[in-house]
Structures are given as C-alpha cells and as structure tokens.
Amino acid sequence: MSYEYTLGVDLGGTKTEIIALDKRGSECFRKKVATVKASYGDTIKTICALVLEAEQHLSCKCPLGIAIPGAVSEHTKRIKNANSFWLNDQDLKGDLAKSLSKDEIFLENDANCFALSEAEDGAGKDYATVWGLILGTGSGSGIVINKQVLRGRNLLSGEWGHTTLPWLTDEERELWRDVKCYCARDYCIETFVSGVGFERDFAKRKGVFDPNALTFATTGKDIVELMAKGDHDAKACYEAYLDRLSRAIAAFSGFLDPDVIVLGGGMSNVNKLYEDLPDRVRHYIFGGEFDTPIVPNVYGSDSGVRGAAWLPLMHSAKV
C-alpha cells in the first residue's frame, strides 16, 4: 500500500508533537503543544486536534502512527507499563478510531519509534539489526531488524532498563541501596545509566543527595564541563558511568549482537562516550571481541515522532 503522507504523534510526558512526512521522508507539517498531564480525556482531545489540523493543512486524510510511553497489551488491547500513568488500561487506539473516524492507526512504544526512525533514514539506515538505546530521563531501548520493529511475544524486546545492572560490585550495592526504581525493584540498569542516574551519582559524591529527588542542581552537561576543568568528582562520576553502561551493553550484546548501536537521549551528547565505550565494552564482553559501531543519532529528539510517522509504512510492508 502506498501513502502520499503519513502522520506521526509523539505522546510525551511534557509535550505532544505531530509531524507529517511524505513518501520520501521529507517533513511537510509539524506542531507541538503542552501535554495535559493526568487527563486521558484531554489526551484524546489533544491528539484529535493535532491530527485534524495536519490533515487540513495537507488537504487529505492520512494514516497515523503514535509513539507511546508504554505498550499495547496483546490480551486486553489496552495500554500497559506507561509511566504516563493516566494512559494505563485505556483503549487509546479504539477511542481515537471512534473520535477521528479513522481505521489506520498504529501504536508503538516510544523507544521502538526512536530505533525505527534511525533505522529507516538515520544513523542505522545501512545496517540490518539496529539497537536504539535511549539514555535520557529514563533508559529504554528498541530493536529494529530489516526495517521491522522487534516486539517479542510479550512486548518486552529491548526492555533492558528494568533488569539488574550486570556484575554489580559490593560498593555499588552499598552506595545505591537507598535508590529505588519506580518499577519497585532495586539496582535497575535505568537507575545507573539514565541521565538522571549520572546526575544522581554526582550528587552522592558531593554529599548533597536526596533519595526522593528526581532532578538535581548539577546537570549532566554541567558535570561534563566540570570534568573538562579537572574536577575530581566529575571525572570519577564519568568513569563510573562509563563502566556501568559498558557492562550493560556487553551483557545485552551477548544476546542480540546488533550491527550498530545508536544512542539517544541527553547522554548521547557526551562525545567522549563514543571514544571510550568500545574498549570498555570489549573488556566485559564474552570472547573479548566487539566491533559493533556505537554512534550518535541523526534526528535527536525528533526521532520519536519521525518513527511514529514511519509506522504505517512499516505495517504496509508486511502486507
């Protein structure tokens, strides 16, 4: 099936964005608005208003892909595991189909949309197996094989953030025992390798850590700048982060062995990581050989919404 245009919506916790792409992947329309938190009804209204405005601009009806911060249960067809809690147990696709009188609506996890965007025409476009790894406020990942998202039977493919950090040290167990992941488990990878985890570690080293804090006075960018100026704690924080991220990548690469790893989120802007990660991953990986490129994304924060717009084309390719 051929589409003249496709629409993508990125349903984020702070902003909701829509983009229209033509069949060549060129942007034809874009708009973003603030997300109304904790209101499912307002979520439906916001998405519908954006879609109608985009279709009016394009003078045609278009298939719609949506990047969501969760997954759609194969059993209930309702959203599960969303950190935007008001979406959980809602039939988002069905409710939008009724409101928009539209059948061609495709929902996908936002990390999968990031990976799909980069696999289609971004940093992973020349590779068969693309592992998109988001290191932002949280840490999720998506896997795309031959331009198709790998979901898995239980929709858990690429879910690495809520597994235990590999090869935990006794020091890490002690220093991080007061940090609880929102999933209610201890020592999750996300706790250590997210941008927030990086900032949390620095706060601990400076003795200003609040276990209930979700934001910190010294940002990741600040820490990198302090490291460049010779700050001892900043350098130690970076070295610990590098080691933890390398362990996690090594462990999961032992299962997936991707052709390329594309980093996204705020920590993907730390250029030194691309210099240091390959050797450190090689230190931990089974067999000691690791030639997989680890590269920055092409589309940055746009990857989620672009990936959503690619969803209808991915589904049409299966037909």
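Thr-16 is buried, at a relative accessible area of 2%, where buried means under 20% relative accessible area, exposed means over 50% and partly exposed lies in between (1.4 Å probe, protein chains only). This residue sits in strand β2, which spans residues 15-22; strands (E, at least two residues) and helices (H or I, at least four) are DSSP runs numbered from the N terminus. The model is a predicted one, in which local features need pLDDT of at least 70 and side-chain atom pairs count only at pLDDT 80 or more, while totals for chains, interfaces and linings use all residues. Residues are numbered from 1 along each chain as its sequence is written, and side-chain values use heavy atoms, with hydrogens and water left out.

The side chain of Thr-16 makes a polar contact of 2.8 Å with that of Thr-35. Here a polar contact is a pair of N or O atoms within 3.5 Å; within protein, one must be able to donate a hydrogen and the other to accept it, and residues adjacent in sequence count only if both atoms are side-chain atoms. Leaving aside neighbours within four places in sequence, the residues in contact with Thr-16 include Val-9, Asp-10, Leu-11, Lys-31, Thr-46 and Leu-50, contact meaning heavy atoms within 4.5 Å.

Helix α2 (residues 92-100) has Leu-92, Gly-94, Leu-96 and Leu-100 buried. Its buried residues pack against β1 (5-11), α1 (40-58), β4 (64-68), β6 (79-80) and β7 (105-109). With a relative accessible area of 69%, Ser-101 is exposed, and its phi is positive, near 50 degrees, in a residue other than glycine. Asn-146 is likewise not a glycine and has a positive phi of about 50 degrees. The loop that holds Asn-146 runs between β9 (141-145) and β10 (148-149), and the residue counts as exposed because its relative accessibility is 54%.

Helix α6 (residues 195-205) contains Asp-201, which is buried because its relative accessibility is 5%. Beyond neighbours within four places in sequence, Asp-201 is in contact with Trp-176, Cys-237, Ala-240 and Arg-244. The axes of α6 and α7 come within 9 Å and cross at roughly 55 degrees, which makes α6 oblique to α7. Axes are lines fitted to C-alpha atoms, for helices over the stretch in contact, with angles from 0 to 180 degrees between N-to-C directions; angles under 35 degrees count as roughly parallel, over 145 as roughly antiparallel, 65 to 115 as roughly perpendicular and the rest as oblique. At this crossing, Phe-198, Glu-199 and Phe-202 in α6 meet Gly-220, Ile-223, Val-224 and Leu-226 in α7.
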